[in-house]
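Please open the structure in a viewer and display it as a cartoon.

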Amino acid sequence: MSGSLVIQTSFLGDVILTTPLIAELAKRGPVDVLATPLGATALANNPDIREVIRYDKRGTYGSAVGLWQTVKQVRVRRPYEAAYLAQGSFRSGLLAMLTGATERIGFASSTGRVLYTQQIPYRPELHHAERLWSLAMSECADPPTRDQIRPKLYPGDEDRQVIDRLLRRTDVNGEPFVALAPGSAWGTKRWPYYVDLAKRLVEDFHIALIGSKADHDTATQIADALPGGRVINGVGDLSLLASAELIGRAQAIVTNDSAPQHLASAMGTPTLSIFGPTVPEFGFGPLAERNAVAGHTSLSCRPCHRHGPQRCPLGHWRCMRELGPDYIASLLTEVLNPPVPV
């Protein structure tokens, strides 16, 4: 069986939000995914994927030889009936065309659209998970259910064992904990009051810290401000899916507009997302069933960027500075204690 090829070489969050598209295509036949090495780690153990093909953009992005090597790697495996361009660059479109895929389906707004055989309208009003899912659907399809567009990740036995050991080592003993994810690749997306929030929460919860090695200093500041034995520090030490497993066991997570928000959506963890220079209307808000979004709604300068600049263009950074820890704590209380339906 030839099956379908999904090309997704964008940011980690985009990879996670592509899993509903993959699940839809898997209902029709085998699905392979071409992803970056980091993206491939997010897709491990996914039962909807036949094979993940790794494409190292950093090593090959500027190299025609490297691109052709990737194409040959794909072509020797099997021919594809269709390639779905979840990442819309011209290079991705060229790669799809060179694989010999009969159909190449992507958004009409993509830079690589001239290489597509079918262009799908890009609907900015939709969540990006639904936009990507729509690549596999006709215009007459019914709107998706919540479950159809909720991303899914699949931590393995080793990931669960790692978290079991971490929780035993920190003496959690089954007590509830809240996860905090203070990092982001974009400077203006990093809410500055996680230390203060953690001090408020630690009386009722253990605190689990989520992030990459780049978040080490921030995590240390938070941990040093809390009583000993109340912190579960996974920053920089956990694999991607182990981090997802830890998030999946939390009572809730507080996160910036960054990858942990999408990990939480995939694991179904109640989520409070803090948006500063960006807004959820871009299509990248939380998808967990219980969620809330914090944002400074009265600023005319917001949003100022699709991703979030490293520095505030106006120098005041009010979109984050004026979201105080008391306000965030009150929203988290609502996420943790949703009203009982009458």
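Predicted model: local features only at pLDDT ≥ 70, side-chain atom pairs only at ≥ 80, totals over all residues.

**First stop: α9 and α12**

Select residues 157–169, which form helix α9, and then residues 240–249, which form helix α12. The two helices pack with their axes 8 Å apart, at an angle of about 60°. Angles from 65 to 115 degrees would count as roughly perpendicular and those under 35 as roughly parallel; α9 and α12 are therefore oblique to each other. Their crossing is right-handed.

Next, show the side chains at this contact. On α9, select Asp159, Arg160, Val162, Ile163, Asp164, Leu166 and Leu167.

**Second stop: α10 and α15**

Now select helix α10, residues 194–201, together with helix α15, residues 325–336. Here the axes come within 9 Å and cross at roughly 50°, which makes α10 oblique to α15. The crossing of this pair is right-handed.

Which residues of α10 and α15 meet? From α10, select Asp196, Leu197, Arg200 and Leu201. Their partners in α15 are Pro325, Asp326, Ile328, Ala329 and Leu332. Colouring by class at this contact gives six nonpolar residues, three charged residues and no polar residues.

Definitions and conventions
Residues numbered from 1 in each chain as written. Heavy atoms only, no water. Axes fitted to C-alpha atoms, helices over the stretch in contact; angles between N-to-C directions. Helix = DSSP H or I, 4+ residues; strand = E, 2+ residues; numbered from the N terminus. Parallel < 35°, antiparallel > 145°, perpendicular 65-115°, else oblique. Left-handed = near helix turned anticlockwise from the far one by under 90°. Contact = heavy atoms within 4.5 Å. Nonpolar A, V, L, I, M, F, W, Y, C, P; charged D, E, K, R; others polar.
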